[in-house]
Amino acid sequence: PSELRAYFMPFLQQCLRITIHAGETESAENIWEAVYHLSADRIGHGLKLTEHPELLKRFVDKHIGIEMCPSSNDQIVGFRVGFRNEPYPLKDYMNAGLKVSLNTDNAGISRTTLSNEFLKAAELCGGLSLWECLVLIRNSLITAFIDAKTQKQLLNTFENDIHDWCLANKNALLS
C-alpha cells in the first residue's frame, strides 16, 4: 500500500471512500499500511488484525469497517472447519466492537451469494445467533458508502422492521 499512495491521491483528493483488501495473506502491517497510507475506510478480509491489538482498538475507535469474506478466506487461505489451528476471527472481531460485515468478495470467482456467506461464516464460527446475524447486517448499513440521509433511512427501516418482528414474535422470544 505505501508504494501505491501516489496512485490513490486523485481519489483521496475527491474525498472518495475506499475499501482496501488487506491482511488476508499478508501480516497486520499490510492492514496498517492500507489504513495509514491509503486512507482506507473499510478493509476487505483483515484476518491478521488480531496480530496488532493497538490497530484493532483504532479500528473500533474510528469505526473502520471489516468486510469478512468466508468463502474467499476458505479458498485463499484455507479457513475450513478442522483444517486450521487458529479460529476464524469473526466473533472475536464482533466481541471487540469492530464494525464487521459479511461480503462475497468476488461472487463470480467464489461462486457464492451473501446467503451462502452467512452459512459459511456460521460453519466457521460454530454457529451464529439470530442477534449476531442482525448485528452483521446492521454493520453493513453503518459502513456502507452511501449518503447520510439514505443511510439513516435504511437504518430506521431496518430497526423498525426488527422491532415489529420482535413484537409479533414476543411470545416465542420470551419462551
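**Reading the salt bridges**

Tutor: Searching the whole structure turns up five salt bridges. This is a predicted model, where local features need pLDDT of at least 70, side-chain atom pairs count only at pLDDT 80 or more, and totals for chains, interfaces and linings use all residues. Residues are numbered from 1 along each chain as its sequence is written, and side-chain values use heavy atoms, with hydrogens and water left out.

Student: What is a salt bridge here?

Tutor: A side-chain nitrogen of Lys or Arg within 4 Å of a carboxyl oxygen of Asp or Glu. Take Arg-42 and Glu-67: their closest N and O atoms are 2.6 Å apart. Arg-42 sits in strand β2 (residues 42-45) and Glu-67 in strand β3 (residues 65-68), 25 residues apart, so this pair links distant parts of the chain. Strands here are DSSP runs of E, at least two residues, and helices are runs of H or I, at least four, numbered from the N terminus.

Student: Is Arg-42 buried or exposed?

Tutor: Buried means under 20% relative accessible area, exposed over 50%, partly exposed in between (1.4 Å probe, protein chains only). Arg-42 has 14%, so it is buried, and Glu-67 is buried too, at 9%.

Student: What separates Lys-57 and Glu-54 in helix α3?

Tutor: About one helical turn, because they are three residues apart in helix α3 (residues 53-62). Lys-57 is partly exposed at 45%, while Glu-54 is exposed at 53%.

Student: Which residue forms a salt bridge with Asp-74?

Tutor: Lys-120, with the closest N and O atoms 2.5 Å apart. The pair links helix α4 (residues 70-77) to helix α7 (residues 114-125), 46 residues apart. Both Asp-74 and Lys-120 are buried.
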